Amino acid sequence: MSRPIVIYEPPAWRHIHPLAALRRLRQFRDLFITLSLHRINVRYQQSRLGILWAVIQPLSMMVVFTLMFTLVRANPGGTVPFPLFAYAALVPWTLFSSGLSAASAALTSHASLLTKVAFPREILPLTYIVAALVDFGLSSAVLFGLMLWFGVTPSWTALWALPAILLLVVFLIGLALLLAAMQVRYRDVGLAMPLLLQVWLFGSPVLYALAAVKQALPEPLYFIYTLNPLAGIVDTFRRAIVLQQPPDYFALGMSAAVALLLLPVSYLYFKYVELTAADTI
């Protein structure tokens, strides 16, 4: 009587089947929902201010930037009050920075879980992004409150905010999967994350308008600048909501190209690292 033979092979790219992995991911949607709700419920459970922390970060940064530009007597927002100009960009930026900071450490912070339970590992960083989206909804409500306070009414251009946020989520998922997988092997990623986000903040049109960058830089340098997907995404969101302007189509197109290219590449790399994550984490 013949006995089944199990062959163990070293990890290889040929063992990765992304379409099959996505189908398997659907089978674990209950786990994804449960963990996402858990992230949301415990996010501020032991803090005194609770969900207010979702809006304290962008509001505090808005106050600091407003005081700074008031002292130097400059208003990059033009006719739009600078607090509203800054906060409209800080809302998507905070979604990106908080989501990336938490999601990139999702695997290393759950090392004991990865070595005991078999499930699609990408669920872990995705749940942190869901929690960041809940915070985004709260900070967006404050944004509309500020618009009422300053007498700025939204127009049809606000519809452009939807593709901007969609691209932001796509880019965030792609980068979070990439960095979460890299951090399994290189813990320097977690150490470098605060510095990376700080530099990225000033390298994105949050405190200033993208139009000012376009005027100041020659075309080759502006092209390089727009390779940062946040340039087109943050600027489009602010233009759509408070400036009542259509987007810079070139910058938004560059953001879409980079985000849509990054996501499948990052997912393939994530699934490759997943093969040995339990052994190396």
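Student: Phenylalanine 223 has 40% relative accessibility: does it count as buried, exposed or partly exposed?

Tutor: This is a predicted model, so take the value as computed. Buried means under 20%, and exposed means over 50%. Phenylalanine 223 is at 40%, so it counts as partly exposed.

Student: What is the angle between the planes of phenylalanine 223 and phenylalanine 250?

Tutor: A ring pair is described by the distance of the centres and the angle of the planes. Here the centres of phenylalanine 223 and phenylalanine 250 are 6.3 Å apart. The pair is tilted, with a plane angle of 45 degrees.

Student: How far apart in sequence are the parts that this pair ties together?

Tutor: Phenylalanine 223 belongs to helix H10 (residues 219-225). Phenylalanine 250 belongs to helix H12 (residues 249-274). The pair therefore ties together parts separated in sequence by 27 residues.

Student: Where is serine 204, and is it buried or exposed?

Tutor: Serine 204 sits in the loop between helix H8 (188-202) and helix H9 (210-216). The cut-off for buried is under 20%. Serine 204 has 0% relative accessibility, so it counts as buried.

Student: Which residue joins its side chain to that of serine 204 by a polar contact?

Tutor: Take the backbone first. The backbone oxygen of tryptophan 200 lies 2.8 Å from a polar atom of the serine 204 side chain. The side-chain to side-chain polar contact is 3.0 Å, and the partner of serine 204 is asparagine 228.

Student: Over which ring does the charged end of arginine 238 sit?

Tutor: Look for the ring centre. It lies 3.8 Å from the charged end of arginine 238. The ring belongs to phenylalanine 85.

Conventions: Residues are numbered from 1 along each chain as its sequence is written. This is a predicted model: local features need pLDDT of at least 70, side-chain atom pairs count only at pLDDT 80 or more; totals for chains, interfaces and linings use all residues. Side-chain values use heavy atoms; hydrogens and water are left out. Helices (H or I, at least four residues) and strands (E, at least two) are DSSP runs, numbered from the N terminus. Buried means under 20% relative accessible area, exposed over 50%, partly exposed in between (1.4 Å probe, protein chains only). A polar contact is a pair of N or O atoms within 3.5 Å; within protein, one must be able to donate a hydrogen and the other to accept it, and residues adjacent in sequence count only if both atoms are side-chain atoms. Rings of Phe, Tyr and Trp (its six-membered ring) pair if their centres lie within 6.5 Å; planes under 30 degrees apart count as stacked, over 60 as edge-to-face and the rest as tilted. A charge sits over a ring if NZ of Lys or CZ of Arg is within 6 Å of the ring centre and within 35 degrees of the ring normal.
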